[in-house]
Amino acid sequence: MVEQKINRFIRIYPIFAGLTSDLLFYIAIDTLFLTVVKGLSAAQIASLTSISTIVCIIVQFPLLRIIQKIGNTASVRLGALFLLVSSALITFGPNYYWIAIGQVFRDVAVIFTNVVFVSLENNLRVIGKRDDFIRVRTSGTTTYAVITMLIALIASPLFNLNHYLPMIGCMAACFCGFLLSLFMADYSEYNIIAQQDNSGKHKLQYSK
């Protein structure tokens, strides 16, 4: 039963990786969308990356602690959800500050979704196919490359037709990625690693 679920994981993985490696559609028209639709200046657009990067550096260790606490499976699903939230905030955010929050969600989502690589390796170990890790992971990268190539061809015509069409496509891709994340589980014993108390402090027990 577990082997069947892992084989399903492996089949879904390339599509999941292709849809969640970044905000599809948005990456093709991000500057155009932010200037024409949102009216941001070049300085504001440049600052979005700086702000999200600084925030991610600050919260990196707390996020790693959260990942250890909730496990690989929940982390991947949370990352996919954050991508969906990010796409919605960037699309419908009324001002610079909401878009900046959406950008932060995007970068935080990458940290969580990258845990899928660990889940992939763990699952392959469970069924004795650890040597297939590079092949399966490469298939995910290839899928992402093909999808982004196709999007690059149609993003500009969609934007000219309606400025919000590419972002609707972005949210749709994120929603599909979130649905697929529900099947991306880590079936190994390392999904959640038990945390040991290394404080060295022990409570004394007194007898009557």
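Let me begin with a term: a residue is called buried when its relative accessible area is under 20%, exposed when it is over 50%, and partly exposed in between, with a 1.4 Å probe and protein chains only. What we have here is a predicted model, in which local features need pLDDT of at least 70 and side-chain atom pairs count only at pLDDT 80 or more, while totals for chains, interfaces and linings use all residues. Residues are numbered from 1 along each chain as its sequence is written, and side-chain values use heavy atoms, with hydrogens and water left out.

Now to the rings, where four aromatic pairs are found in the structure, a pair being rings of Phe, Tyr or Trp (its six-membered ring) with centres within 6.5 Å, stacked if the planes are under 30 degrees apart, edge-to-face if over 60, and tilted otherwise. In one of them, the ring centres of Phe82 and Phe105 lie 5.1 Å apart with the planes at 90°, so this pair is edge-to-face. Phe82 belongs to helix α3 (residues 42–92) and Phe105 to helix α4 (residues 96–113), so that distant parts of the chain, 23 residues apart, are linked; helices here are DSSP runs of H or I with at least four residues, strands are runs of E with at least two, and both are numbered from the N terminus.

How accessible is Phe82, buried or exposed? Phe82 is buried, at a relative accessible area of 18%, whereas Phe105, at 25%, is partly exposed. Phe82 also pairs edge-to-face with Phe112, at 5.8 Å between centres and 90° between planes, again linking helix α3 to helix α4, here across 30 residues.
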